Amino acid sequence: DRHSLDSVIDYFLRHHHDPDKPMSLKQAIGLFLDSKERGGLQPRSLRQLRCTSDRFHDHLCQRIITGQKIHVHEISSVDVTSFLDSLRNRDGVKRAKRKTWNNNRLDLSSFFSWASHADRKYCTDNPVTRTAHFKKKLVEQQRGEVEVLSPQEVAKLFEYLQTFKGGRYCRYYALLFFGGLR
C-alpha cells in the first residue's frame, strides 16, 4: 500500500544501476576537494566543504554494516535528509538552524553536481535536489535581534582601541561602525 510498482521500479533504476564509474564516497570526496582546490577555491570555503563532506560520510558510516563501502550512486535523498536532520546547534542538543541546514545542503549539492557531471558519472543525478530547502523568510525568522551599542559604549570601545596596539584598529572599527560595513 505504501508504494506503487512504478515508483519502486523508478527508484530502483535511478539508484541501483551499474554506474559508468563506480566510486566510493570517501574517494570521490577526496577527488572533489582536490578539484575545488585546484580551481582556486578560498581556503576557508575549502575547509567548510571538507567539514561538511566528512560529517556526511561519517553519518552514513554509522548507518551501514561495518566494513562496507559506501558508493556515491547508492546515496539517496533519504540519506541526505537524514544527515541534515542530524545537524545540531553548538550545544549539541537543539536542532541546527535553518541557515545551517541550507548551507550544508548547498555543500552536498555542490558535491553531487560535481559527481554526476558527464565527465565523471559517479551517480546519475543529484539526490540533494529532492530535499527541503528553507526560503529566506523562514531562515530570517530564526535570526536573533541585532544588538546595538549605545553612544557611551561606542565611545568606551574607541577609547580602548586608541590604546590597543598603538590604535592600529581604530580606522577599521570606524569603518565598521560608521561606514556601514559589516
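**Close-up 1. The largest nonpolar core.** Of the 27 residues that form the largest nonpolar core, those touching the most other members are L25, F56, V72, I75, V80, F111 and F112. A nonpolar core is a set of buried Ala, Val, Leu, Ile, Met, Phe, Trp, Tyr and Cys residues joined through side-chain atoms within 4.5 Å; buried means under 20% relative accessible area, exposed over 50%, and partly exposed in between (1.4 Å probe, protein chains only). At least two residues of this core come from each of α2 (25–38), α3 (43–62), α4 (77–86) and α5. The most is given by α5, with six residues. Helices (H or I, at least four residues) and strands (E, at least two) are DSSP runs numbered from the N terminus. The model is predicted, so local features need pLDDT of at least 70 and side-chain atom pairs count only at pLDDT 80 or more, while totals for chains, interfaces and linings use all residues. Residues are numbered from 1 along each chain as its sequence is written, and side-chain values use heavy atoms, with hydrogens and water left out.

**Close-up 2. Aromatic cluster and a charge over a ring.** One aromatic cluster is formed by F32, F56, F83, F111, F112, W114 and Y122. Rings of Phe, Tyr and Trp (its six-membered ring) pair if their centres lie within 6.5 Å; planes under 30 degrees apart count as stacked, over 60 as edge-to-face and the rest as tilted. At another site, the charged end of R98 sits over the ring of F134, at 5.7 Å from its centre. A charge sits over a ring if NZ of Lys or CZ of Arg is within 6 Å of the ring centre and within 35 degrees of the ring normal.

Close-up 3. A search of the whole structure finds 14 aromatic pairs. The rings of F158 and F178 are stacked, because their centres are 5.9 Å apart and their planes stand at 25 degrees. This pair links distant parts of the chain, with F158 in helix α7 and F178 in helix α8, 20 residues apart. F158 is buried at a relative accessible area of 15%, whereas F178 is exposed at 61%. The rings of Y160 and F164 also form a stacked pair, with centres 5.6 Å apart and planes at 25 degrees.

**Close-up 4. A nonpolar surface patch.** Y160, F164, Y169 and Y172 make a nonpolar surface patch of about 400 Å². Patches are made of residues with over 30% relative accessible area and no salt bridge: like charges are joined within 9 Å, and nonpolar side chains (Val, Leu, Ile, Met, Phe, Trp, Tyr) within 5 Å. Accessible areas come from the Shrake-Rupley method with a 1.4 Å probe; for residues, only the protein chains shown count as cover. F164 is found in the loop between α7 and α8 and is partly exposed at 31% relative accessibility. Y160 is likewise partly exposed, at 47%.

**Close-up 5. Salt bridges.** The structure holds four salt bridges, each defined by a side-chain nitrogen of Lys or Arg within 4 Å of a carboxyl oxygen of Asp or Glu. The side chains of K26 and D54 meet in one of them (3.9 Å, N to O). K26 lies in helix α2 and D54 in helix α3, so this pair ties together parts that are 28 residues apart in sequence. Both residues are partly exposed, K26 at 46% and D54 at 27%. R95 and D85 form another salt bridge (3.0 Å, N to O). Here R95 lies in the loop between α4 and α5 and D85 in helix α4, so the bridge ties together parts ten residues apart in sequence. A further salt bridge joins K136 and E140 (4.0 Å, N to O). These two residues both lie in helix α6, four residues apart, about one turn of the helix. K136 is exposed at 63%, while E140 is partly exposed at 38%.

**Close-up 6. Two lysines with positive phi.** Most residues other than glycine have a negative phi. K121, which is not a glycine, has a positive phi of about 55 degrees. K121 is found in the loop between α5 (98–115) and α6 (136–141) and is partly exposed at 28% relative accessibility. The phi of K165 is also positive, near 50 degrees. K165 lies in the loop between α7 (151–163) and α8 (170–178) and is partly exposed, with a relative accessible area of 48%.
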